[in-house]
Amino acid sequence: MGSFMREYWVPAVLSSELVADAPPTRVLLLGEKLIAFRDTEGNVGLMDHRCPHRCASLFFGRNEEGGVRCAYHGWKFKTTGECVDMPNVPAHQKFESHVRAKAYPCVERNGIVWTYMGARTEPPPMPCFEAILLPEAERNLFCVQRECNWLQGLERSEEHTSE
């Protein structure tokens, strides 16, 4: 089921939870430990919490000047996962273009950050649920932690139906 759910856009975090250049936020999505952050330009990034260099948690990194910087060796990654700075490597030995953090594409729609975690190179179209297309004055967003997976949350149980 995890592979199946990755083939759709999944709600990851509320837009309001991510502030430009603020510390990263921990996200557990489809069993994967991730971090979410908003860079200086306002772009949202969702990536593996481990730095590809030494597997240090990027949650402890600094979100600064267009990317998140690892606290261990200072490597810096853009929201797309592209490495853009290696301060501990001499200039003649740098290889930023060959290093990428595992990152997922994100789209913000009506206060929710959606992500596509599947294997396709071209993600499917964004969902068009009526509730997420309403104007801001007519919607109310909130997060609730429930002891179930996302699909089970959509199902109606007998307890909640009235006959």
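A disulfide is a pair of cysteine sulfur atoms within 2.5 Å. The exercises below concern a predicted model.

**Exercise 1. State how many disulfides a search of the whole structure finds, and examine Cys51.**

Solution. 
- Step 1: The search returns 0 disulfides.
- Step 2: Cys51 takes part in no disulfide, and the nearest cysteine sulfur, that of Cys70, is 3.9 Å away.
- Step 3: Cys51 has a relative accessibility of 1% and therefore counts as buried.

**Exercise 2. Give the strand order of the open sheet of 4 strands, and identify its edge strands.**

Solution. 
- Step 1: The order is S5-S6-S7-S8, with antiparallel pairing.
- Step 2: Strand S5 (62-64) and strand S8 (83-85) each pair on one side only, which makes them the edge strands.
- Step 3: Strand S7 (residues 76-77) is joined to S8 by 2 bridges in the antiparallel sense; Lys76 has Asp85 in S8 as its bridge partner.

**Exercise 3. Describe the open sheet of 3 strands.**

Solution. 
- Step 1: Its antiparallel strands follow the order S1-S11-S10.
- Step 2: The edges are strand S1 (9-14) and strand S10 (106-109).
- Step 3: From one strand to the next, the twist averages 35°.
- Step 4: S10 pairs with strand S11 (residues 112-116) over 4 bridges, in the antiparallel sense, and Val107 stands opposite Trp114 in S11.

Key:
Residues are numbered from 1 along each chain as its sequence is written. This is a predicted model: local features need pLDDT of at least 70, side-chain atom pairs count only at pLDDT 80 or more; totals for chains, interfaces and linings use all residues. Side-chain values use heavy atoms; hydrogens and water are left out. Two strands pair if DSSP finds at least two bridges between them. Axes are lines fitted to C-alpha atoms, for helices over the stretch in contact, and angles run from 0 to 180 degrees between N-to-C directions. Buried means under 20% relative accessible area, exposed over 50%, partly exposed in between (1.4 Å probe, protein chains only).
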